[in-house]
Amino acid sequence: MGVQNNTPRASPRRKSTTLQHLFDLDSKTATVINGKKIGTTNIGSSSSSNLENEEILSSISFCTFVFTFTDPSECASQQELKRQKLLQLLSIVKSSKKPLHDQVMSSLIPMISLNLFRPLPPPSNTSSAAEFPDDEDHISTFSPLWSHLQLVYDILIRLVINTDPKLLRGYIDNQFVANLLALFQSEDPRERDSLKNVYHRIYSRFTFYRSFMRKSMNDVFLHYVFETERHCGIKELLEIWGSIINGFTVPLKEEHKLFLMRVLIPFHKTKGMQAYHRQLAYCVSQFVQKEPVLGGIVVRGILRYWPVTNCQKEVLLIGELEELVENIDPDQYRKLALPLCHQITRCLNSWNSQVAERALYVWNNEHFVKMISVAMEEVFPVVVEGMEKNLKWHWSKSVRQLTENVKVMLEEMDPVLHSKCLEEIELRESKAHQAEIKRKEKWDRIEMAAAQHHNQHQFLQPPHFLCVSH
């Protein structure tokens, strides 16, 4: 697991032989600068600019050495010196009112690449992150390099913000962006957060890379959903997509609708959905808010991927459906009312009290009740039967109480239809009871006939002593 590095990386042993040279060079530069401060007053502006560039290049050259923070031979004072150099570079990039010199840029970007684009360590946990959705520790391994990485990320984001994208295009190319995306596999949440900010800034400012960046993120999503279900940065990437979708214009392009149907909706089937459900639900709701007609596609997609045994996912999906109902085109109410109520009724009959209670609370949503009222004849028989099952059989007292409250509301909505549904339920139960009695009587007759046949067979069989052997 790692990134492709198109910048040649020097051997640490060869670099270490040049550290003393860098110290000497830095001290010489400082002497010149001090001499300038003390007595030199006739140096031209071009000479001063050259000295400043030399000082910056010296700091950049020093920062190209990458410390591991795990090698005992590394010197702590040199690590601290590099941190100070990075701080100086960050201050220069922040305060610069004009673009940096080409010579500086051509050294600064490779230095950033050398520090950021490195092979990532193997996963610290062999089990999938999806198996522990509520536990952050299993996917949070803090990198010892962070004291340097943080400053390098800060330098990069300042460059992206303060520099004209057309000038940076020659230095930050598709490969650079692809390497950034690969780093989202880092288990350090601090690094993923910095990556999110940098990647989003590049998407915002480098408009000529947007299509490539969307396609690259889609590839990561599809690989995760349909192959591995293992990736540390899905939550951060979905946050970026939430902002991207928010900026889409209406009517939506076909490309974006396909992303909703082929990527976002299948995300609901993954085991680790709990870890990023909030970001996923926001992305989906943005699509439905922009084009309410898409609500039907989303609801049917979620129902298709409904979990069978994962109660936590059920609770989250019930909440997402409730939010979607508020934004769905009312013209689709009649088509969606029955399949939606079938699923909500199955959930309120769940033996898991959290799932049952969450499904019953949906009836407090006025948009959901309005949807039901559009298709009362189709929906009421399903719902009323589910309520009666809960009142008779559910083990949880709180669930039975909530069921009683919803039953009162249903009676008030349409007393005649509610009574009719109860009568039909009683009739079905009566018929089922009669069928059970007949089935039992039939089995009794079969057992009696079998017993009589057995007795007759024993009576007709000759005694053993009369049998003649041949």
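This report describes a helix pair, a set of salt bridges and several backbone features in a predicted model.

Residues are numbered from 1 along each chain as its sequence is written, and side-chain values use heavy atoms, with hydrogens and water left out. Because the model is predicted, local features need pLDDT of at least 70 and side-chain atom pairs count only at pLDDT 80 or more, while totals for chains, interfaces and linings use all residues.

## The H18 and H19 pair

Helix H18 spans residues 376-393 and helix H19 spans residues 397-413; helices here are DSSP runs (H or I, at least four residues) numbered from the N terminus. The axes of H18 and H19 come within 10 Å and cross at roughly 150 degrees, where axes are lines fitted to C-alpha atoms over the stretch in contact, and angles run from 0 to 180 degrees between N-to-C directions. H18 is therefore roughly antiparallel to H19, a term that applies to angles over 145 degrees. The crossing of H18 past H19 is left-handed, meaning that the near helix is turned anticlockwise from the far one by less than a right angle.

On the H18 side, the residues that meet H19 are Met376, Phe380, Val383, Val384, Met387, Glu388, Asn390 and Leu391. Their counterparts in H19 are Val399, Arg400, Thr403, Glu404, Val406, Lys407, Leu410 and Met413. Sorted by class, this contact has ten nonpolar, two polar and four charged residues. In this scheme Ala, Val, Leu, Ile, Met, Phe, Trp, Tyr, Cys and Pro count as nonpolar, Asp, Glu, Lys and Arg as charged, and the others, Gly among them, as polar.

Lys407 lies in H19 and counts as buried at 14% relative accessibility. The classes of accessibility are buried (under 20% relative accessible area), exposed (over 50%) and partly exposed (in between), computed with a 1.4 Å probe on protein chains only. Leaving aside neighbours within four places in sequence, Lys407 is in contact (heavy atoms within 4.5 Å) with Glu388, Leu391 and His418. Glu404, also placed in H19, is partly exposed, with a relative accessible area of 35%. Glu404 and Leu391 are 13 residues apart in sequence, and their C-alpha atoms are 7.3 Å apart in space.

## Salt bridges

Side chains of opposite charge can pair when their charged atoms come close. The structure holds 16 salt bridges, each defined as a side-chain nitrogen of Lys or Arg within 4 Å of a carboxyl oxygen of Asp or Glu.

| Pair | N to O distance |
|---|---|
| Lys196 and Asp193 | 3.2 Å |
| Glu239 and Lys196 | 2.7 Å |
| Arg439 and Glu436 | 2.7 Å |

Asp193, Lys196 and Glu239 are linked in a network of salt bridges. Lys196 is buried, with a relative accessible area of 15%, whereas Asp193 is partly exposed at 36%. The salt bridge between Glu239 and Lys196 links distant parts of the chain, with Glu239 in helix H10 (residues 234-246) and Lys196 in H8, 43 residues apart. Glu239 counts as partly exposed at 30% relative accessibility.

Arg439 and Glu436 both belong to helix H20 (residues 415-460), where they are three residues apart, about one turn of the helix. Arg439 is partly exposed, with a relative accessible area of 43%, and Glu436 is partly exposed, with a value of 39%.

## Backbone features in loops

Most residues other than glycine have a negative phi, and most peptide bonds are trans. The peptide bond from Val250 to Pro251 is cis, with omega near 0 degrees. Pro251 is located in the loop between H10 and helix H11 (254-264).

Positive phi values occur at Phe69, near 65 degrees, and at Glu229, near 55 degrees. Phe69 is found in the loop between helix H2 (45-63) and helix H3 (76-95), and its relative accessible area of 27% makes it partly exposed. Glu229 sits in the loop between helix H9 (210-228) and H10; Glu229 is buried, with a relative accessible area of 18%.

Conventions:
Helices (H or I, at least four residues) and strands (E, at least two) are DSSP runs, numbered from the N terminus. Angles under 35 degrees count as roughly parallel, over 145 as roughly antiparallel, 65 to 115 as roughly perpendicular and the rest as oblique.
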